[in-house]
Amino acid sequence: MVNTSTPIKAESKNLNFYYSNGHLALKNVSMPIYENKITALIGPSGCGKSTFLRCFNRMHDLYPGNKYDGQIVMHPDNTNILADGVDPIEVRMRISMVFQKPNPFPKTIFENVAYGLRVRDEKNHRVVADKVEEALKGASLWNEVKDRLNDLAFNLSGGQQQRLCIARALATDPEIMLFDEPTSALDPIATANIEELMNELRGKLTILVVTHNMQQAARISDYTAYMYLGEMMEYGDTDTIFTRPVRKETEDYITGKFG
Amino acid sequence: MSSEHIYKQYDAELESVRAKVLEMGSLVEQQIVDALESLVKSNAKLAENVIKKDHLVNDLEVQVDEDCSHIIARRQPAASDLRMILMMIKTITDLERIGDEATKIARFSQKTQETDRMWTPRFAEIRTMANMAREMLHIALDAFARSDSAKVLKIAEMDQQLDEHYQMSIRHLITFMLEDPRTISMSLEVLFIAKAIERIGDHAKNISEYVVYMVKGKDVRHISMDAMADEVRD
């Protein structure tokens with residue numbers, strides 16, 4: 001089903017997740033995340049795909065009473081990032097996230113990208129400037145902003161703001177990038193730019209993306225997981241999932257028979 | 001297909017194009033029957049009819065192609081819908097070619113009816129072959145209509161038998177030609193008819209293989225009968 005020669009970057013093992021109200025949002029989810037590949041999570045609203053994504057950078061820790069049960073193991077160091085002793089801040093340095101709506105900080109373009117480095121206490125101006133340039137280039141934004149790095153980030157267009165957020169996430173050299181509906185607030189051209197950018201990042205970085213847009217999953221991902229009611233229904237390489245899925249539930253969802 | 005799409009219009013579009021493919025199939029089947037009839041009964045009028053009706057087959061091919069490209073552009077079909085669309089696009093090519101073969105037979109039929117012929121063969125062998133080919137096409141179209149992939153094995157077997165009949169008729173015709181060179185021209189025409197029928201069998205086999213792809217998502221082209229049996233079973 002899947003290419004076994006590609007190394008696994010992270011692995012979810014029997015992951016259950018309870019929200020503070022006791023709701024079981026993820027049921028025994030196990031799946032591999034292959035290194036330097038794009039894995040897409042698809043499924044109807046409320047199926048748990050965003051909940052699952054957020055486990056990867058311990059976002060649920062922000063609210064008391066949420067409970068993880070199971071493991072997310074990072075390779076090659078075999079760290080269970082859900083383990084009690086693990087610092088969520090450390091996890092977020094290794095696994096960064098881009099959200100649905102662009103959310104730049106009320107700072108300049110430069111400072112937005114430099115933010116993660118400042119959190120890391122990087123004091124060397126030369127190092128910071130180089131990293132910011134590298135990240136902006138990596139996010140295909142450098143040419144558009146290099147002459148206005150001290151402008152406020154809010155002056156950028158929506159698509160540019162989203163690429164700025166990607167640059168900000170790239171600046172700390174993460175191992176995995178999480179994208180939660182990264183293009184649902186963008187027009188088709190900006191969407192195409194972000195997808196093209198993700199395509200360029202493939203091979204350098206492991207990407208996990210939640211999308212409501214099935215064509216987007218089909219276009220950009222190497223592997224696709226279909227989730228429903230908190231369960232992983234089917235996981236496989238994207239070509240197989242979109243041409244001959246095994247389960248009827250998957251078939252119905254991707255052909256638009258879900259209802 | 002068992003369940004319906006949320007977009008009802010999408011269901012209607014798929015059903016409409018599927019109906020056109022089946023219509024094209026039954027039209028082509030009738031063309032074979034008429035072409036053969038015109039041959040064995042020396043019915044020139046019927047032969048002319050077959051030739052005239054070929055454009056209907058061609059028109060349907062163009063329509064189905066167009067409908068399928070619209071569905072792809074507007075609906076981005078996936079999974080079984082995608083497989084059905086791809087299958088239909090390929091099927092109509094084979095159906096159109098079967099139509100051409102039927103027309104070819106009708107043209108030879110006209111030739112054999114020319115009055116100054118000194119020898120007119122009896123078409124027993126040709127009739128057997130044509131019936132087999134028509135039966136294969138019928139089973140393949142029925143399998144498509146019912147989304148039934150199991151029939152592919154029967155059709156593959158029939159195709160082997162049809163090929164054997166074809167080889168036999170070649171040998172048979174050669175004996176005629178050796179015995180009396182005056183039969184050569186006629187024998188060659190019969191040979192071309194046999195070839196046309198053998199091709200119809202091949203096209204029917206192709207269609208039955210596309211049905212397997214549509215139903216199971218498995219490609220059973222260019223593999224042995226045993227491998228095919230394995231694929232269809234599970």
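How many bridges join strand β9(A) to strand β10 (residues 231-237) of chain A, and in which sense do the two strands run? There are 6 bridges, and β9(A) and β10(A) run antiparallel. The model described here is predicted. Chain A contains the strands discussed first, including an open sheet of 4 strands, while chain B comes to 7 helices and 0 strands. Between the chains, 13 residues of chain A are in contact with 14 residues of chain B.

- Strand β9 covers residues 223-228 of chain A, and 6 of its 6 residues are buried.
- Both of its faces are covered: A:Y223, A:A225 and A:M227 are buried on one side, and A:T224, A:Y226 and A:Y228 are buried on the other.
- β9(A) and β10(A) form a hairpin with 2 residues between them.
- In the turn of this hairpin, A:L229 has a positive phi of about 50°.
- A:Y228 has A:E231 in β10(A) as its bridge partner.
- Strand β3 (residues 38-42) of chain A also pairs with β9(A), in the parallel sense and over 4 bridges.
- In β9(A), A:A225 is the residue that stands opposite A:L41.

**The open sheet of chain A**

- Four strands of chain A make an open sheet in the order β2-β1-β4-β5, with antiparallel pairing.
- Strands β2 and β5 (79-80) of chain A are at the edges and have a single partner strand each, so one side of each has no neighbour in the sheet.
- Strand β1 (residues 8-18) of chain A is joined to strand β2 (residues 24-34) of chain A by 7 bridges, and the two run antiparallel.
- These two strands, β1(A) and β2(A), form a hairpin with 5 residues between them.
- A:G22, in the turn of that hairpin, has a positive phi of about 90°.
- Another 7 bridges join β1(A) to strand β4 (residues 67-74) of chain A, again running antiparallel.
- Which residues stand opposite A:A10 in β2(A) and in β4(A)? In β2(A) the residue is A:I33, and in β4(A) it is A:M74.
- A:Y18 of chain A stands opposite A:L24 in β2(A).

**Helix α3 of chain A**

- Helix α3 spans residues 109-119 of chain A, and its buried residues are A:I109, A:N112, A:V113, A:A114, A:G116 and A:L117.
- An α-helix has 3.6 residues a turn, so residues three or four places apart point the same way.
- Just after α3(A) comes A:D121, with a positive phi of about 75°.

**Where chain A touches chain B**

- The contact involves 13 residues of chain A and 14 residues of chain B.
- On the side of chain A that touches chain B, α9 (238-243) and α10 (248-254) of chain A each supply at least two residues.
- The largest share of that side, 3 residues, comes from α10(A).
- By type, the residues of that side of chain A divide into 4 nonpolar, 5 polar and 4 charged.

**Chain B as a whole**

- From the N terminus on, the elements of chain B run α-α-α-α-α-α-α.
- Taken along the principal axes, the C-alpha atoms of chain B fill a box of roughly 70 × 40 × 20 Å.
- Of the 234 residues in chain B, 40% are buried.
- Among contacts in chain B with a separation of 6 or more, 80% are between residues 24 or more positions apart.
- Helix α1 (residues 8-40) of chain B has 33 residues, which should span 48 Å at 1.5 Å a residue; its end C-alpha atoms are 48 Å apart, so the two values agree.
- After α1(B) comes B:S42, whose phi is positive, near 50°.

**The largest nonpolar core**

- In soluble globular proteins, nonpolar side chains tend to be buried together.
- The largest nonpolar core has 133 residues, and those that touch the most other members are A:A167, B:M88, B:I105, B:A133, B:A140, B:I197 and B:V211.
- Helix α6 (residues 184-216) of chain B gives the most to this core, with 14 residues.
- Neighbours within four places in sequence aside, B:V211 is in contact with B:A140, B:A143, B:F144, B:S149 and B:V152.

Terms used: Residues numbered from 1 in each chain as written. Chains lettered and ligands numbered in written order. Pairing = 2+ DSSP bridges. Buried ≥ 20, exposed ≤ 12 C-beta atoms within 10 Å, placed from the backbone. Contact = placed C-beta atoms within 7 Å. Nonpolar A, V, L, I, M, F, W, Y, C, P; charged D, E, K, R; others polar. Core = buried A, V, L, I, M, F, W, Y, C linked by C-beta atoms within 7 Å. Expected span 1.5 Å × (residues − 1).
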